[in-house]
Each structure stands twice: as C-alpha cells, then as structure tokens.
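The entries below follow the order in which I looked things up.

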Number of protein chains: 2
Amino acid sequence: MKRGKVSIRDIARECNVSVATVSRVLNNSGAVKEETRKLVQSVIDRYNYRPNELARGLYTQRTKSIGVIIPEVTNHFFAKVVLEIEKAAIEYEQTVFLCNTLSDNALQDFYTLRLSEKQVDGLLLLGGRANETKTNVQYVKLLKDYIYPTPVVIINGKLDNYYDNCASVSSDEHEAMFQALDYLTSLGHRKIGFLGGKRGIMSTDIKLNALKEAESSFNYVMKEEWIKLSNYTYQGGVDAMLELLKEKELPTAIISINDEVAAGIINTCISKGYSVPDDFSVLGFDNSSISTVTMPKITTLSHPYEELGSIAVDFLNNMINDKPLKDVTNINLKMNLVERESCSRPRRDT
Amino acid sequence: MKRGKVSIRDIARECNVSVATVSRVLNNSGAVKEETRKLVQSVIDRYNYRPNELARGLYTQRTKSIGVIIPEVTNHFFAKVVLEIEKAAIEYEQTVFLCNTLSDNALQDFYTLRLSEKQVDGLLLLGGRANETKTNVQYVKLLKDYIYPTPVVIINGKLDNYYDNCASVSSDEHEAMFQALDYLTSLGHRKIGFLGGKRGIMSTDIKLNALKEAESSFNYVMKEEWIKLSNYTYQGGVDAMLELLKEKELPTAIISINDEVAAGIINTCISKGYSVPDDFSVLGFDNSSISTVTMPKITTLSHPYEELGSIAVDFLNNMINDKPLKDVTNINLKMNLVERESCSRPRRDT
DNA sequence: ATAATTAATGTAACGCGTTACATCTTTTAT
DNA sequence: ATAAAAGATGTAACGCGTTACATTAATTAT
C-alpha cells in the first residue's frame, strides 16, 4: 500500500519537524514558533498538501459528514429543502451525503445502514418512513440498532418518543390549514373541497384533521364528496378534479395537497371550460416553482424553507456536540400564505 | 479516545478468533471454516456490528464515495441528472456527496478541495465551471493540484485536453438543434427566433453556432433581431419575449434555450393575446417537469437523462478501476424530440 | 547567574479494518 | 505411516492525522 498523495509525514520530513508540529499548524492549535509555522505552511502549499479527512475522522470520531435521506430530489419540495440544508451545513463545515430512496422502503433501510458505515455525524430524514402517520416500528429499530447514538433530525415528520436522540423541525401544516380556511372563508367561500394526497401520510392526515377541526371555528361546510384523495402529482390533481366534477353539487374553493396537484386542478378546470379563480378558487400548498408558472399563478401556503433547513442543521449540530437542545426538541414553524392569482371571491352562490 | 460502537476487535474477542478471520467473513474472502463463519456471523448480527468505512477506506485507498458538484439542485435539470447518477452509483456501491455551488465559482473551488480531503474516488462535474465555453484555466489547475489523479467526469461540459484523467458525457445539443430546425422547417416555418441563454455558456453557444451553421442545410432565415439572450429562467423567457415583441417583423417559431424560458415565452404570448402554437410555435429544450404543465404543453428536446447519469458513472468507475475507456473518453448522446402541443404549422405567412 | 516558568517540539500510541506472511491443522497422496 | 499439499487461522504492520505526555529550548523572575 503506497499512496500517491503526500501525507503529513512527507511534509514533516521535508521540514525537519515532527508530524505533531505539522498537525499543529494544520489546525492552528498548540504553540508553534512563527518561523516554523511559516516554513511548514510554505511546504504544505508547495506540495498542495491537504489532510486526509478519513484519517482525521478515524481518530477524532467525527467525519464532518451528514446524511440526508429523501424520497427524490426531482421533487421540488425536497430539492429546496436539500439546498437549504446544504447551505446551513456548510457553516458547520459539514458535507452532505445525499440518498434518494425513490420511496422504496428497502432502499431507505439500505441507505441508513450505508450511512452508518460511513460514520456520518448525523442523519437528516425527510419524507418516506419519517412522514408516515403511524411510525414504522421496524425502521426505528434499525435506527436504534445501527445509528444510535448518532443524532437524527426529522424534517416535516416524526419518529420521536421512539428514538431518543432525535429532534424534529416541521412546518405547521395544521395551523396552515386554519390560515387557509380563514383566508378562503373571509373571501366568502362556504363550500370547500380538498383534493390530492393520500391517507396514512402525515402531510395529508394532518390537513384532513385540521379541515374537520376547523369546521367549528369557521363558517364553511365540508362534505365527504368534496374530498378526493389521489396522490401528490400533477396527474393526481387532474384525476382528483375530474372525479370531483362528477358530483352534482360542487364547492367554490378547493384546497390542494400541494402545488403540483393544484396545477393539475387548475389546468383541468380550464380545459373543461371553467375559470380559475372565478368558478373555482384553488389554493396550493408548498410554494414550489410550479406555482408561478400556471395561469393563473397559484396562491399557496409556503414552507419556511430556509428555516426548515437551517434549524434542522442547528439542531443536528447541537446534538452532535452534546449541547442541550433547550426544552424543545420538536418545533413547528409557521407556514405563510403567498397570495397570487388562483383565489378570489366566489362568483357563484356563496 | 474510546468508541461506543463495537469494532472488529470486539467481535474477534467475543468469537475467540483473530480480527483477520472476522475480516474474512465480512468480505467473504479467504478460506474460513463454515462453522467459524457461522459463529462469527452470528456474533456480528447479535452486536449489530457494521464495519467502519473510514478505517477500511484509509487502508484500501478507496472510499466508495464520489463527489457531485452542480450549481443548484432546485434546478430541475440538475435534479434529474443527480437522481440518475445516484441510481447508477448505487450499482457500484458508491455513495454521493452532493455539493451545490449556487453558481459561485469560489464555492465550487471550496467544494472541490473539500471533496479532495474526503478522498472521494471520483468527481462528477456539471454546469458551472465545466460549462463555460472557454475552459477556466485556474480551475483546471486546482483540479491538477488537488484532485489528480482522482478521475473526473464532466456531464454536458468539457475540460478535456487540460486535465488528463477526465472523460465527458454530453447531450448532443448541436445535433439537437438540427433536429429542431428540421422539425420546425418541415412544419413550414421559415422565420425562426431564439430566446434565452447567455453567451459564454456552452449550452447557449453550441445552440447559437448550430443555428448559424444549419442555415445552409435548411430553408429558413434567422435574423439577429430574433435572437434575444437573457438567462435560463422563466422570467428570462418573459423578458426575452417582451423584447422580441418590440420588433416590427416577427418570427413564426421560437426556439428557447430551455423549458423554463419556453414557459415564460408561452405565458407571455398568451398574456399578450397571442396564441401558441398558432401565432408562435415555441420549442423548448431539456424536457423538464415544467414542460407538461404549461398550456399548451411544451414540445421539447429531451436529454437522455438516464444514460447521461449511467454512462457518466460507468466512465468514472472504469477510470477508478483503471480499466481503459475504449477509444472514446468523450461521448455525445442523442437528444430526442418530444412532441407535445407548443408547435404546429404556422398560421401566418410562412 | 540560577531557578522557575513558559514555549516549542518530538515520540509514540491510538482509531479500525485489511492483508502479507507465518504458523498450525487437516486432508490427500504415496 | 509419512510427506506433501491444501485449508484455517493468527500476528503484526499499514494507511494517516491527532493528541497525551515527555523532552528540550527560550524567557522571566529572583
């Protein structure tokens, strides 16, 4: 085993100093005579020497790498969060391993193990297993068996009460539904539908529950026939809307599980000769890029992307460095309404 | 320094065998008595032991990690390629470090160094420095100084002839423009414009050059006034189209630098009372998700995403394992036309 | 000038999996 | 039964940066 790259010993030899001294100038630690430091630094530069993070991590038990597991980066929501995570991680000198599970649970397990072998300092989970309404026990066991005590932070999901070195940062979708309902009812809507999503997934169940709970606070009616679940895609929006259109009585406003679905709904309305927002106000969720390209542009509830990423990374880093996480380990961030063009006062009977 | 996790020595002690034997069952290498193997394996399982990849990598000089540097994952094109890269990488048991430069060259340099310290087995570059028409010499020097001899593969870009352990995989955008022109002229268009993009960036310059070269092969005219560069965004499409609309004479077909720009163009046309494709046929590029949500849907030239990712990773792996790369180290893959709704025969004088 | 501090620097072990090489068994051949 | 070959397992060095501890040099105090 011989390495092409130069090692700290090569530098030490060249400088006639010990590796300890080189290490000291490398880390700006310990006392090193200015003269020595300059000499060593010059040799380091001349040889384009960079310390081997593997060796460093092996000894320090810190790899400065964190793992991020998501369903798919091609989904704009995840892409935005990943970007924010990375921007925040860089502040802590962490580099991210990105793992796409393709919503395949076995693959999520596989990656979890893989990241454990890579000795990541922390794990960030979003979607998939972490966004199921009833926490998956086997997955938690996997974490306990192979990841513990490495800290885990969940974004928009949960696992807490099961894995005890875990925190979470979420968008408050429950409260967001109240905002949505407040907005829509104040616009004059009384008949409100809900399209897209899938039961068993937190982001759907939370909204559905809020929809029911809010009925007593706001002046609207929600009928089961106005709830058409499908999935989270554009096509899901099309399908759900087509389904809704079969009903004899129709709502005047529609809340969509996300913007992709909202886009599908809007385009379906238009294709069928309806106007948005005149015939149907369509409210989106997420504030993803698609929301500004439909016509009309989508009024939507935005995730606090930047905070979601930065707070999650903060949490993770505090845990990595054993700093107490104040009182709360699970925080909910407010979503905010971005008014664009897809909602207005209802044209028809309110 | 004491570790919480169990190490190979713990397993060895528990089994009353040497670490070599444990290592052998771990890697299925060397001769191990079936009985011993079973014993060791059972202890490994019981202790939830997983080998430390850092230690392994330190000795083997292979980290099974590759670095991917891109401008931003939030850009759908990059997200798709990254996803394909990862799907391909998993076949080679590689995990990917994702680095977003935010199109900041200093950050790209920073990440390049960082990945070098992480001892990645290979580097995958897309966009940014690797997509500038004139290769950035300083960046190549950085690669030579700190990355070499680690192999590098560029996707949709180049650096070749400079860094000698480098291959590239690209979409043939030049040929794609010929396809585009062939398609548009055969539809009857003779006046063709080009919107979006930015000079100095390969994906723009290649198309622009092709546009000029192709004039002798196809029956169309291209005027300088019909070329409005801006950038690669939706807003860029809006701006460019608004600019174009100021001209007295207008083209009947427009080629956009990408689908985001095409979407901006389409929506601008519609807002201004024009019809797409009747008044203007608008052709996109990339086949990104936005192309199916505009109305009309965008006819576009698609990148061979899956191959782009898998071939790039193949190349990288061959280089990592010192397998010769056949003859070619730079390959061009055919893009293909996806017909949707944004192009038709011209309504006006052809 | 000498002792007492403080500053610089060196030595060697450590973290953990791998593997070349050596040693000890077991099996096969004669 | 004995030598030769094959199989199983162990020992220890290695990859490389870090750091506790020891040692030596330079200052400061007395």
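**Entry 1. Strand pairing.** I began with a rule: two strands pair if DSSP finds at least two bridges between them. The model is predicted, and I kept that in mind throughout. I then looked up strand E8 (residues 253–256) of chain A and strand E9 (residues 281–286) of chain A. They pair in the parallel sense, over three bridges. I picked out one bridge: Ile255(A) has Leu283(A) in E9(A) as its partner.

**Entry 2. The sheet around that pair.** Next I asked in what order the strands of the open sheet of six strands run. In chain A the order is E7-E6-E8-E9-E10-E12, and the pairing is mixed. I noted the edge strands too. Strand E7 (227–228) and strand E12 (336–338) of chain A each pair on one side only.

**Entry 3. Strand E5 of chain A.** I wanted to know how many residues of strand E5 (residues 166–171) of chain A are buried. Six of the six are, so E5(A) is largely enclosed by the rest of the structure. I recalled that side chains in a regular strand alternate between the two faces of the sheet. I then checked both faces of E5(A). Cys166(A), Ser168(A) and Ser170(A) are buried on one side. Ala167(A), Val169(A) and Ser171(A) are buried on the other.

Strand E4 (residues 152–155) of chain A runs parallel to E5(A), joined by four bridges. There, Val152(A) has Cys166(A) as its bridge partner. Strand E11 (residues 330–333) of chain A also runs parallel to E5(A), again with four bridges. Ser170(A) stands opposite Asn332(A) in that pairing.

**Entry 4. The interface.** I turned to where chain A meets chain B. The contact takes 57 residues from chain A and 57 residues from chain B. About 5600 Å² is buried between the chains, and carbon and sulfur atoms give 60% of that. In chain A, Arg50(A), Leu54(A) and Glu117(A) lose the most area to chain B, together 12% of what that side buries.

I counted contacts next. There are 22 residue pairs in polar contact between the two chains. Several elements give two or more residues to chain A's side, including helix H4 (53–60), helix H6 (105–117) and helix H11 (259–271) of chain A. Helix H5 (76–91) of chain A is also one of them. H5(A) gives the largest share, eight residues. By type, chain A's side divides into 27 nonpolar, 16 polar and 14 charged residues.

E2(A) and strand E2 (residues 95–100) of chain B pair in the antiparallel sense over three bridges. Val96(A) has Leu98(B) as its bridge partner.

**Entry 5. One buried residue.** I stopped at Asn267(B), in helix H11 (residues 259–271) of chain B. Is Asn267(B) buried or exposed? Its relative accessibility is 5%, so Asn267(B) counts as buried, the cut-off being under 20%. Its side chain makes a polar contact of 2.8 Å with that of Tyr234(B). Leaving aside neighbours within four places in sequence, Asn267(B) is in contact with Val293(A), Met295(A) and Tyr234(B).

**Entry 6. Salt bridges.** Side chains of opposite charge can pair when their charged atoms come close. I found 30 salt bridges over all chains. Two of them cross the interface of chain A and chain B. In one, Glu117(A) joins Arg50(B), with the closest N and O atoms 2.6 Å apart. Glu117(B) and Arg50(A) also meet in a salt bridge, at 2.6 Å, N to O. That pair runs from helix H6 (residues 105–117) of chain B to the loop between helix H3 (34–46) and H4 of chain A. Glu117(B) is buried at 11% relative accessibility, whereas Arg50(A) is partly exposed at 30%.

I checked two pairs within chain B. Arg46(B) and Glu14(B) form a salt bridge, with the closest N and O atoms 4.0 Å apart. Arg46(B) lies in helix H3 (residues 34–46) and Glu14(B) in helix H1 (residues 8–15) of chain B, so the pair ties together parts 32 residues apart in sequence. Arg46(B) is exposed at 54%; Glu14(B) is partly exposed at 39%.

The other pair is Lys228(B) and Glu247(B), at 2.9 Å, N to O. Both partners are buried: Lys228(B) at 14% and Glu247(B) at 16%.

How values were computed:
Residues are numbered from 1 along each chain as its sequence is written. Chains are lettered from A and ligands numbered from 1 in the order in which they are written. This is a predicted model: local features need pLDDT of at least 70, side-chain atom pairs count only at pLDDT 80 or more; totals for chains, interfaces and linings use all residues. Side-chain values use heavy atoms; hydrogens and water are left out. Contact means heavy atoms within 4.5 Å. Buried area is the accessible area (1.4 Å probe) that two parts lose on being put together, summed over both. A salt bridge is a side-chain nitrogen of Lys or Arg within 4 Å of a carboxyl oxygen of Asp or Glu. A polar contact is a pair of N or O atoms within 3.5 Å; within protein, one must be able to donate a hydrogen and the other to accept it, and residues adjacent in sequence count only if both atoms are side-chain atoms. Ala, Val, Leu, Ile, Met, Phe, Trp, Tyr, Cys and Pro count as nonpolar, Asp, Glu, Lys and Arg as charged, and the others, Gly among them, as polar. Buried means under 20% relative accessible area, exposed over 50%, partly exposed in between (1.4 Å probe, protein chains only).
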